[in-house]
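Here's a quick briefing to read alongside the sequence and the 3D view. Take a look at the model first, then come back for the details.

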Amino acid sequence: MTHKQQKERAQERRNTLFFAPMAVLAVLLVALPLIYVLGMSLTANDGSGFTLANYKALLRADYLLVFANSLKLAFYTTAVSLLIGYPFGYCMARAPRGWKSLLMMLVIIPFWTSALVRIFGWKILLQGNGLINTVLKSLGLIDKSIKFLGSYGSVLLAMVYCMISFMILPCHSAVDKMDFTLVEASRDLGAKPWRAFLDVTLPLTLPGIMAGCVLVFVPSVGIFYLSDIMGGGLVLVGNLIRDQLLKVRDWHTGSAMSVLLVVLTAGIYLIYRRCGGDDLGVM
Amino acid sequence: MKKLICLLLMLACLFTCAIAETVNAKDEAVLNIFTWEGYIDYSTVIEPFEKETGIKVNYATFASNEEMFEKLSAVNGGEYDIILASDYILNAAREAGLMQKFDASVVTNFGNLNPDFTSKFFDPANEYVVPYVSGIPLIVYDPAVVEIEIDGFEDLWDPSLKDTLGLIDDARVTIGMVLLSMGQSMNTTDEAVLAEAAKKLEALKENIHVLEYENLHNYVVSGDIGAAYTFTPFVALALDANPDLKVVWPKEGLGFGIDGLFIPVNAPHAGNANRFLEYMLRPEVAAVCAEWQYYCTPNAAALDVIGDWYTARSEFMGIFDRMNDAEFVLNLPAADEQKFQDIWTTFKLGL
Amino acid sequence: MAGSKRKKKRNLFSPIYLTLVLLILYLPILMVVVYSFNAGRTISAWQGFSTNWYTRLFSNGLMKDALVNSLVLAGLSAALSGGIGTLGAIGISRSHFKFKGAVESLATLPMMIPELVLGMAYLALFTGVGVKLGMGALVLTHTTFCVPYVFINVKSRLVGMDPAIEEAARDLGAKPLRVLFDITLPLIMPAVISGMMLAAAMSLDDVVISFFVTSAETTTLPLKIYTGLRSGGTPEINALSTLMLAAIFIFVGLSQLIKAKSDKMTSPR
């Protein structure tokens with residue numbers, strides 16, 4: 001008994017040692033900067049000590065609208081990514097064995113080149129004399145170029161394009177893990193394909209869907225440069241923070257904005273974990 | 001366990017490497033340049049400098065003046081030897097004590113510069129900054145798309161331009177443009193004037209199709225928009241791609257910008273930096289820079305050796321006729337800067 | 001009968017859909033490749049064919065430095081975050097440590113902080129404490145924001161793993177580290193590798209944090225690309241991206257080939 005206990009203690013010590021490097025990194029390079037930002041947000045610009053004024057300064061109708069803008073864009077991005085990414089992950093998981101790893105590679109490779117370069121590729125495609133307009137014209141579907149660039153849709157496209165792998169991978173993983181005999185069984189019992197999907201596949205793959213949604217939604221809230229490049233002229237939280245930090249050079253209000261953003265996204269993450277989505281299984 | 005220990009050791013090594021003191025590098029044959037990517041050409045400018053002097057050039061880049069300023073302040077005006085940035089941030093850097101005077105005994109050819117471009121607000125006594133290039137934002141439009149003749153800012157409000165404008169996504173530049181159209185200074189901080197400008201900007205909403213800081217020429221060339229208010233090199237690039245485009249020097253007034261080189265106060269290789277300034281001021285080097293960067297050159301001597309194609313282009317040479325109309329965007333105190341940002345945020349939210 | 005019919009239907013939809021999405025995924029990249037041969041200086045208007053930008057690229061020593069730096073950085077941070085994240089995931093999923101939840105949340109937090117804020121905070125902290133900016137600082141910060149991707153990946157794999165396998169090995173007298181290297185690691189290897197691939201991708205895409213923690217001597221390719229595109233940009237950057245893509249495809253193709261061969265040899269399934 002004592003021997004076993006001793007063994008268990010040794011095991012426990014080893015486990016703690018295992019995640020020690022991660023803990024050190026988390027404390028030094030995550031907690032410290034966060035405390036720094038938090039401290040900034042709670043001190044006055046003139047160095048007169050503790051204040052909540054920076055947070056009060058955020059209570060403006062236009063700032064709230066900016067936060068709403070970011071949340072809205074992140075929501076649409078997540079929804080579209082799910083609509084496209086889930087079937088893709090599904091098909092990937094049901095592909096023949098030999099194809100799976102190749103497909104996985106093909107999904108990840110684009111993300112090894114700069115997102116900016118790829119977005120410029122989209123701009124070339126979408127512009128007035130670009131490939132898409134040219135094709136549509138030669139097919140006789142339109143006679144005047146569609147102005148894709150600068151629209152909300154083009155910003156959304158860029159967002160989805162940059163985030164979709166974070167949706168595909170967990171969805172693929174969830175479908176891959178699923179026991180398909182259950183679906184077969186429900187079909188054999190006479191369920192229509194649609195019913196079988198809704199009643200069996202969807203609930204079973206829900207954790208993957210949830211994980212994908214969090215992995216897409218959370219970073220999407222803070223992204224702003226994609227909208228800038230697509231010429232969308234949107235004001236997102238990221239724009240606001242950048243202008244506050246770099247243009248107005250007011251670190252204190254800028255920090256308060258960042259803290260609010262972190263609290264918001266971390267809140268969503270926590271709700272997700274409360275709902276039982278403990279592992280954000282990517283693969 | 002061995003691998004774990006290895007990993008921990010590696011991490012520890014990294015930390016120590018990172019924390020280790022910098023070697024004293026005063027006498028190294030190195031020059032650290034900090035500017036935008038591609039702003040000083042490698043093969044025609046930097047490589048010849050390296051060959052001539054034996055100095056190895058490191059070229060670090062930033063995306064915006066503001067980011068450069070943050071970085072330079074954080075490293076206490078050290079780390080870099082030459083910084084190339086825009087006028088208003090040059091002024092901020094000088095006021096913050098982040099610059100050192102260049103050595104006039106090494107930089108003997110400052111006189112090559114056209115006096116119209118020196119003694120400016122960012123360096124009134126010509127002690128710190130060597131102007132590199134200069135630019136003026138202009139209106140470029142496609143007469144095949146735009147039905148009216150544009151000759152000033154006021155025309156941008158014409159109802160026929162609905163959804164065909166591209167403007168610079170920058171509070172100071174674009175609100176400044178509105179202020180110019182009202183006959184006001186781009187740097188006014190008068191609340192009433194700014195409120196009126198905000199209202200006038202609001203009226204422009206219908207005509208705007210796209211807001212972007214750079215690369216607006218692409219939209220004009222591809223036909224996505226009919227007219228853009230954009231910086232000199234982009235105007236020139238647009239004309240390269242489509243010679244039928246028309247360029248407008250707005251009659252109400254002009255924005256003006258100078259990008260200049262300076263040596264940070266704690267530059268590790270200030271001696272090499274001074275040699276580089278002397279090199280950059282040489283007429284043939286300045287000419288090559290202007291030709292490649294598609295900007296106006298402030299170097300009078302360079303105009304004698306520059307290509308004829310360059311002097312034939314009005315985007316680059318027109319500045320000399322309108323020198324007195326041109327106004328800089330000055331750096332303002334945070335509270336005033338905030339006013340511009342607020343107007344801009346409100347405006348963009350309503351788009 | 002019905003079953004085979006179902007299968008046939010799916011087999012038709014699936015490849016079409018996969019191809020379609022992949023096509024959309026790669027179409028913009030194809031544009032980048034095509035426009036790297038543009039004679040003109042803009043990246044949007046086609047002004048004739050030219051390999052001029054490749055010539056410029058090959059003669060530009062600064063680009064080569066940046067490329068090497070980026071690959072070293074991506075490799076080091078993927079390896080480090082791979083090690084740290086994997087060990088962390090194993091430790092945390094097996095341990096009953098009180099603060100493990102806190103460590104876990106903290107380690108995944110970098111995904112949520114705006115990178116500009118993180119970058120500026122790092123800059124302030126590093127210069128305040130006296131950490132030298134440069135490759136060391138780059139690797140540290142990249143490892144930090146890469147760890148969550150490996151950690152989450154590996155942990156989800158561990159959660160789905162049967163603990164009986166490890167127990168059996170232990171009961172048979174295997175030393176704990178032997179269990180780790182011979183049983184656990186091989187089982188979670190796919191997750192470790194895919195996590196490290198994502199980590200490399202994150203590192204190769206980071207601009208903002210890199211900008212703030214790098215030194216004058218060390219510049220990375222994404223940094224050059226980002227600052228170059230924003231200030232007008234030249235097809236040189238497209239050329240560079242094309243070369244990088246080609247290198248990645250060759251690397252991936254070779255590894256797939258090797259993998260296919262070894263799969264054939266080891267698993268007759």
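Predicted model: local features only at pLDDT ≥ 70, side-chain atom pairs only at ≥ 80, totals over all residues.

Residues are numbered from 1 along each chain as its sequence is written, while chains are lettered from A and ligands numbered from 1 in the order in which they are written.

**Confidence**
- The model comes with ipTM 0.82 and pTM 0.87.
- Within chain C, helix H9 (residues 208-213) has the highest confidence, at 92, and helix H11 (residues 235-266) the lowest, at a mean of 75; helices here are DSSP runs of H or I, at least four residues, numbered from the N terminus.

**Helix H3 of chain B**
- Nine of the ten residues of H3(B) (residues 65-74) are buried, so the helix is largely enclosed by the rest of the structure.
- Buried means 20 or more other C-beta atoms within 10 Å of the residue's own, with C-beta atoms placed from the backbone.
- Among the buried residues are Met68(B), Phe69(B) and Leu72(B), but also Glu66(B) and Lys71(B).

- 39 residues of chain C are in contact (C-beta atoms, placed from the backbone, within 7 Å) with 41 residues of chain B.
- H10(C) gives the most to the side of chain C that touches chain B, with six residues.

Conventions: pLDDT = per-residue confidence, 0-100. Helix = DSSP H or I, 4+ residues; strand = E, 2+ residues; numbered from the N terminus. Buried ≥ 20, exposed ≤ 12 C-beta atoms within 10 Å, placed from the backbone. Contact = placed C-beta atoms within 7 Å.
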